[in-house]
Amino acid sequence: MSGIRVRTRKDLRAERRRHPPRCLGHLIAAPLWPLHGVNLGTLLRTCDAAGACLAVPRLPWTTEALARGNTLRRPACVHWVRDPLTWLDGERAARAHILGVELAENATRLADLPMARRPTVTVLGHERDGIPPEALDLLDEVVEIPMIGTGASLNVAVAASLVLYKLAGFA
Ligand SMILES: C[S@@+](CC[C@H](N)C(=O)[O-])C[C@H]1O[C@@H](n2cnc3c(N)ncnc32)[C@H](O)[C@@H]1O
């Protein structure tokens with residue numbers, strides 16, 4: 001393919017927003033049981049790109065992990081969560097669609113996931129143990145990313161990014 005011109009930093013800067021949008025709460029990525037700080041930083045960057053907020057529990061180490069992992073000039077919107085189950089319950093009561101991202105039976109396949117047309121909370125599992133059983137009852141739907149290969153699962157930030165891009169209508 002010829003005639004390709006890679007966009008320069010200057011081009012990209014001119015296209016991007018000058019400021020993060022104010023919180024619309026339309027898409028929220030929720031790694032509510034995080035284990036590795038590095039994944040939170042990666043996820044924050046995807047949230048910025050996809051126009052999503054990040055909901056994360058305020059643990060002694062998460063504030064620092066996000067500050068350290070933030071490579072954006074202006075950070076994306078962060079919602080600090082006290083208790084994950086109570087918070088999820090509140091989002092449900094506020095009529096958000098609660099979408100679990102998990103390897104689960106009867107899950108929607110990623111390719112069949114439509115763009116989000118209503119406020120959607122994307123729930124990510126713990127890096128080792130997945131979404132805890134007590135949270136499964138609070139999910140309206142589960143999406144699974146099909147895999148072929150020897151690995152049991154994807155990295156949580158990668159899985160979240162794929163789902164957020166579908167929900168944002170970018171993929
Ligand atoms: C490393 S996985 C957790 C391990 C796995 N649930 C287990 O119990 O062995 C961390 C999280 O990433 C997400 N994830 C990883 N691969 C996925 C896939 N193929 N489809 C959907 N979610 C996935 C889920 O949210 C999962 O809870």
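Reader: Where do I start? What does C47 touch, leaving out residues up to four places away in sequence?

Author: This is a predicted model. Start with contacts. C47 touches A29, A52, C53, L54 and A76, once residues up to four places away in sequence are set aside.

Reader: Which residues of the largest nonpolar core touch the most other members?

Author: Take the general idea, then the case. In soluble globular proteins, nonpolar side chains tend to be buried together. Here the largest nonpolar core has 40 residues. A29, C47, L54, V123 and A160 touch the most other members. Two or more residues each come from β1, α2, β2 (53-57), β4 (97-101), β6 (120-124) and α6 (156-167). The most come from α6, which gives seven residues.

Reader: Now L35. Where is it found?

Author: L35 sits in the loop between β1 (27-31) and α2 (37-50).

Reader: Why does L35 count as partly exposed?

Author: Count C-beta neighbours inside 10 Å. A residue is buried at 20 or more and exposed at 12 or fewer. L35 has 13, so it counts as partly exposed.

Reader: What does L35 touch, beyond residues up to four places away in sequence?

Author: L35 touches H126, E127 and R128. Compare a pair by sequence and by space. L35 and G90 are 55 residues apart in sequence, and their C-alpha atoms are 24 Å apart in space.

Conventions:
Residues numbered from 1 in each chain as written. Predicted model: local features only at pLDDT ≥ 70, side-chain atom pairs only at ≥ 80, totals over all residues. Helix = DSSP H or I, 4+ residues; strand = E, 2+ residues; numbered from the N terminus. Contact = placed C-beta atoms within 7 Å. Core = buried A, V, L, I, M, F, W, Y, C linked by C-beta atoms within 7 Å.
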